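Take a walk through the structure below, from its cores to its cavity and then out to the chain as a whole.

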Amino acid sequence: MIKLYYNDYEYLLEVDGNRCRDGVVELASARCYTIFLCPYTDGTSWIPITSRLQVTPLGEVVSGVSCVKINHDEHLLTPKFVPAITPKAPEVLLQRNYGEHNITVYLDIATYLLIENELTFDRILLPECPRVIECIDTPEGVLFTAVCNTAVCVILYDYSDYHIILDMTADEIDFDESGITIKKNLSDSQGRVTIEHLHYANSAYISDGVSIEYTNRHKFSKDIIAYEFVESVLAYDYDFADKLLSIPDMTSFLVREFLGEYCNLIIANKPIRDNDYILLANNSGHVRSYSFCVEDGKIIDIVEN
């Protein structure tokens, strides 16, 4: 027998037509199953997945759905769902003319920005229609900036062709005469929000530095201090990491003991809920799985599965 884990917060799983519950199902070796996975809707229509799953006599899992091996008799489903897209006729959302340059934003199954002149053109995929489009003359060429609520795209026309010099998504984008401010919510245990300001110089946008705010700052317990350290390093929050190293309960040995040979951290960039998991993978592809215990939006423990 093997245990097959899945995320029952994000999708339902049926095996041979039987609904599974509690995020785990036991499967017999040397058998084939039909699995059905259906995402819970969040306003987007997603395509369900139906696939064959075979458990070999040696306990290996073979399936069209991606799956990672946690240990010799435990596996974890990691499906990738795609949205259901209905084709539609293109709809023009916005048009601008800047001398020889024409900008058209249109929607078919996605939102695109088309910029063109008599000699050349470029088409850029955007998450939404821009709320601001600016055209600025610079010594290097003509600079076009399209600012959406959660994305920004900057195109430079260097008198020969169009070049995308900045294409970013974030939780908030602000654009003014001094440059562009990018705000991102990292959704980690400390609720980190990074704020970065960029200014234009010599055909590129250059960072003026990143500041970090904490929307869920809390004291950490000794049991998860190694995880807090790893998380702060992943967020490039080195001041926070240095402070952790100055705490008597925190040592570099504790971090190495926590990671072991599993040097790659795989974690979803989203708010963490109770019983969510992280995976630690080593260079050989072996994976260790940990589950979070969350109370009041804060991690209070991490349990190895």
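The largest nonpolar core has 19 residues, and Leu13, Val15, Leu27, Leu37, Leu53 and Leu77 touch the most other members. A nonpolar core here is a set of buried Ala, Val, Leu, Ile, Met, Phe, Trp, Tyr and Cys residues joined through side-chain atoms within 4.5 Å. Buried means under 20% relative accessible area, exposed over 50%, and partly exposed in between (1.4 Å probe, protein chains only). Two or more residues of this core come from each of strand S1 (2-5), strand S2 (11-15), strand S4 (24-27), strand S5 (31-39) and strand S6 (49-55). Strands (E, at least two residues) and helices (H or I, at least four) are DSSP runs, numbered from the N terminus.

This is a predicted model: local features need pLDDT of at least 70, side-chain atom pairs count only at pLDDT 80 or more, and totals for chains, interfaces and linings use all residues. Residues are numbered from 1 along each chain as its sequence is written, and side-chain values use heavy atoms, with hydrogens and water left out.

Look at valine 15. Leaving aside neighbours within four places in sequence, valine 15 is in contact (heavy atoms within 4.5 Å) with Cys20, Val25, Leu27, Tyr33, Thr34 and Ile35. A second, separate core holds 17 residues, including Ile115, Cys148, Cys153 and Ile155.

The structure holds one cavity of 30 Å³ or more. A cavity is a set of points on a 1 Å grid over the protein atoms alone where a 1.4 Å probe fits but cannot get out; lining residues have an atom within 4 Å of a point. The largest cavity has a volume of about 30 Å³, the space filled by probe spheres set on the points, which are joined across faces, edges and corners. Ile103, Leu113, Ile133, Phe144, Thr145, Ala146, Cys153 and Ile155 line the largest cavity. Strand S15 (141-147) and strand S16 (151-157) each supply at least two lining residues. S15 gives the largest share, three residues.

Step back to the chain. It has three helices and 25 strands. Buried residues make up 40% of its 305 residues. Among contacts with a separation of 6 or more, 37% join residues 24 or more positions apart.

End at glutamate 304, in strand S25 (residues 298-304). Glutamate 304 counts as partly exposed because its relative accessible area is 46%. Its C-alpha atom is separated by 6.3 Å from that of serine 291, 13 residues apart along the chain.

How values were computed:
On a 1 Å grid over the protein atoms alone, a cavity is a set of points where a 1.4 Å probe fits but cannot get out, and a pocket is an open set with protein on both sides within 12 Å along at least five of seven lines; lining residues have an atom within 4 Å of a point.
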